[in-house]
Every structure is written in C-alpha cells, then in structure tokens.
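Hi,

Here's the structure I promised to pass along.

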Amino acid sequence: MLKAKRSMIFLLIMMIMLTGCNPQSSQVSNSDQVKFVIGVSQANLLEPWRVIMNEEIKEEALKHTDIRIVFTDAVQNSEKQIRDVGELLEQGIDLLIISPNDSAELTPIVAKAYKKIPVIVLDRAVEGYAYTLYIGPDNKSIGKEAGQYIAELLGNAGGNVVEIQGPAGLPSLRERSAGFREVIGQYDNIRIVDTVVADWQRDKAEDEMEKLLQQYQKIDVVFAHSDYMALGAYKAAKKNGINGIKFVGVDGFAGTNGGLQLVEKGILQGTFTCLTGGREAIQYALDILKHEKGIPKKIISRSNKITLYNVMEYTKAANELKKDNSKKKVVLGFSQLGAESDWRKANSQSIKSAAIDAGIELIFLEADQKQEMQIKAIRSFIAQGVDVIAFSPVVESGWDEVLEEAKMAGIPVLLSDRAIKPDDNSLYATFIGSDFLEEGRRAARWLVGNGMTMPSVNIVQLEGTVGSAPASDRKKGFAEIIVNYPEFQVIYSASGDFTEAGGQEIMKSALAIYGNQIHVVYAHNDDMALGAIKAIEEYGLKPGKDILIVSVDATAAAFKGMMAGKLNCTVECNPLLGPQLMQAVKGLLSGRQLPMRIITSEGVFPAETARQDYLNRRY
Ligand code: GYE
C-alpha cells in the first residue's frame, strides 16, 4: 500500500518534471518521506492576495516533511479549474484545497471530489455542504468596520469619500461594499462621491485616482478594497502634490509594501486584516488526514483594525515565537447556562472531560438558565483572575457591561454554543458553536421534502428559551424555507424553554385548541419533542404517525424515539464542543489569534436510517 503510494508520488513528480505543465509541484524532495499529497486548486494568481495564499500554503507545508503540495492555477477560468481538479483527482491526491473561481460553477466538481477525499474550500464558498471544511473572511463585517473607522476619521465635519473596488461582480466584493455603505449611510455628512473598479491592481488604482482628482475638488478619504490599490491611489495623490487625503485599505500583509508597512510609514491611515487562510488550511489538512476529532465545518477569520497606534504591537505579535505556556497551569472559568436538556448535559460533560485531557484547570459554574447568575459567575471569574473565561450565554442581549469588565481586566472571553447581540466582536476572542439558522432551514427542508399531500399542513412550533440565539435563529431559518410553500402554515408557536416539561405543557395547550387538525410538530430541541410525544399520546393520537415530529439536537433519546416510530427526524446540533474549546484556550494563551467564528460540522437524521445511524452516535 505504502509502496504503491510512493511510486504514485514518484510518477507524479516525474510527470510534472517532464511535462513542465500544470499541475506544479512546489517541492521536489525525498519522496520516501511523503505520506500525503495535497492538491491546491487556485482560482488565479493575478490577485496579490492569492499569491500570498499560495505562499502561506508553501511555507506552512515546508514545516512538514510528510506532505507534498501540487499547485494548479485556473487563470480566472472556471472550466480550467474544473479540469485542474479532475486531473488532480486522477493523480490520486489525498486532500484537495480549493479556492473557487466561481461558487456555482465549481460546486459540482467539489462535490465529486468530496465523495473521494477531504476537501478544504478557501475564501469563496461553494453552494451546499459537500466539502469538509470552509475557511474564509467575513467580508460584510470588514466593510462595516472600515466604514466605522472612516466615519471616526472624518468626525463631525464629515466629508467626501471615494471607494476603490476589485473586479465588479465578485460576491465577496459586493458584501464588503454593502457593509461599508450600510455604515456610511448612517452619516448625513459623509458622501461617497464616486466608486471605481481597479481590479486589485495598484497601477490601475493609480490611473483611476488620477481621473478622480481631476474630477473632484475635494476628496477626504479613499477606501480601497485592498492595500495595493490604496497604495496606487496614494501615489496618484502624491504625484499631483495633493496632501491631506486619508487612505484606508484592506489585507494587512507583512513585508515590503504590505499593508502593515504602509501603515507604519503613514501612507495608509489604517488597514483591516483579511487572512488568506492558507496557513490554517495546511494545519487543518494535516489534522483531517490524521483523522483528528473535532474538525469544524466552517472557520470565519477575524479582521483586525491596524492603525499607527497598534501596528508595531501587531507586527511584533505576529512575528513572535509562541510563548511556552506548557509549564504554567491554565485556569479556565466556564459559566454554563444550566442543565435544561440532554444536549446541555452532553455539552457540560464534553467540556469537563476535555479540560482534564488538556490539563486545564476548570472552574465550572451552572446558572439555572438565569442571566443574573451567569453575570455573577463571570464577575467571580474576573475577581479570581482566571486566565480565560468561556460561557454559553442563555440569552443574546445584555452582556456588554460584564464583557467590558473582563476586557478591562485583560481576560479573554470565548463564546461557546450561543451567540450574543449586538455582535460586538471586540468583546470576545472567538465563537465556537453551530449554525442555528441552518438547523432551522434543515428541519424545514426535511419537512417540505417529505411528500405530504394534504392541501394545508398545520404546524405547531415549540420554541426554545425566549431571547436565546438557538430559539430565534431556528425559528427564522425554518420560516425562511416554508414561506415558499404556502400550504405549510405555523398555526401555533410558543416557548417551552428547551425542557421536556415545557414541551409537554405547550403541546397540551396546542392540542386543546387544535386537536387532530395538527399535522406537524417542529420542536427547537429533542427534549421538547419528547415532551410533546407524551402530550400527544395522552391526547390519544399517535406521535410520528398522526402527527409528524421534527426536532433539533440528535440526542440518544431522540434516536430511541425514532426507533420506536414516535419521532420522524432530528437535525443534528453537536454539543461535543469541549475539545475545540480547549484547543482555542491553548491557542489563545500561546499568542495565536483565533478566528471570529468556528462552526461545528453537523447532519440530518431521518427515522428511516435511525437504527443504522445510532451505532455511530456519541451523545
Ligand atoms: O439545542 C438545546 C439546549 O444552545 C444549542 O440549548 C443549544 C441548545 C440546544 O438546551 O437542547
């Protein structure tokens, strides 16, 4: 087996050397050590950002003697990229890293690759979920933060702004611009006087800026979607002897003419980092190839605002070797929201055992689903001077004050499982959890695809805790899909607080009003679905038959319900967040910056395959 693999690698290298054409191997070293070949399908190398992405991939790969990278470049052509991936697959790569030229056009070939090998998608997503891991930036929030910063720069006087974009039509670009405009739109005294396209090219930005300078008497700020374009615009202003315009870019790379240096030199007023994910892709590729547990589904990288005030510090931190914290005992304060459900119990267990495995001292406090108790717990962690605080916020809003206190005390905070609102990401280091919106959509997709034929399908919705992220997003995601199917109607919706007793109680009320006119129960978690099953049986109907039931979590109890024919489908929400959380704690303390969001990998389990699926379940 290993021998076959080696000769395959040898052949591949020979082929590349002889033909000298695509695909290209980055390193031709001792093939004896190579265990894994990773194919990298790049959309183009015209964008400096992508050149850096490949460089990061190369650099990171060089740290590992057991992998070899084969690069292809699709030169902005989706058909070529489809062929590139096909060829890489034929050559027997072990893992594919792809940054697609076009999301829709590359979706089928990525899905095809994913059937055979793990696939990591970078930057531009593909449609659906047929890939192993996605890593990319949040362009909307980059745009918003840039907008906010520019508004601060202009202050009360306001002023005229010019936007310089990359090639028109890119979704990432549209999002970035939309975020920027959303914020700028809130200021009456700031005007975006013009928007030009410079295709990520410095020289083109310079030419465009020349024209703008002729056209407009007064430009106060230039916001360019990349630092290179910002530099081009700056050159035009300088050439024309115009001072006083402020330039803001995106990317924040190190090195000559990288954003960091441009900020340091005062050429740019500020930049917003936009990681390529190249380095992380290799790190995760190795974890995936070595079958490590807890690989997330999506990683959304964090953007940092870099100005003259923090550029030195940021550059130093980025270059600094990781501190050795292995000898110091790390203390983590975790505020768990309660013990309301099987999901929560599995979650608490996962956190406790992962802390032991990681050698982290855990102070674990439960809060009986009460926000006041969580705030008290967090304050006690601050008073004790723990190294890191993590918590699962029972509701979304009302955390600003206590999180500011943690920030003032210099203690980083991690969000586990549930998100906060307003989503001020300067208040936490990362969010690790699920995509609740998608869970709601998945429940709805299962339902509408279930072949129900009646003219109207009446749904009872059992909602989770009022004001909590999973309750509001599962409701929203579900509604988003069923709105397209007018025969599906939610006729009753109330909160059962994620508990079995709560679910039973509201189902009883719903049955008292609607009786056998109810066709479907959509429960925001399995515990409430199990409560509803009891209420339905008490009422004299058959759960799972007279009334279909779909819920969220995929706990062992739900599988038992499905095997007994009483529950029809459960959408997975993975509570085993402990290992990822401990990894994040360690990463943080070794000076690594965490991504903004780490989204867990999850599936959908219908009753038909429950018996089989149950064998692989771990909670
Ligand atoms: O689905 C539910 C629990 O926040 C994702 O909370 C979690 C939810 C979970 O009580 O069972």
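**What I found**

Domain 2 and domain 4 have their C-alpha centres 49 Å apart. The domain assignment, which is automatic or from a database, gives domain 1 (2-131), domain 2 (139-273), domain 3 (331-432 + 576-593) and domain 4 (436-573).

Before you go further: this is a predicted model, where local features need pLDDT of at least 70, side-chain atom pairs count only at pLDDT 80 or more, and totals for chains, interfaces and linings use all residues. Residues are numbered from 1 along each chain as its sequence is written, and side-chain values use heavy atoms, with hydrogens and water left out.

On cysteines, there are zero disulfides (a disulfide being a pair of cysteine sulfur atoms within 2.5 Å). Take C569: its closest cysteine sulfur is in C573, 14 Å away, so too far for a bond.

The axes of α7 (residues 202-215) and α8 (residues 227-239), lines fitted to C-alpha atoms over the stretch in contact, come within 7 Å and cross at roughly 45°. Contacts (heavy atoms within 4.5 Å) involve, among others, A205, M209 and L213 of α7 and L231, G232 and A236 of α8.

Cheers

Terms used
Axes are lines fitted to C-alpha atoms, for helices over the stretch in contact, and angles run from 0 to 180 degrees between N-to-C directions. Helices (H or I, at least four residues) and strands (E, at least two) are DSSP runs, numbered from the N terminus.
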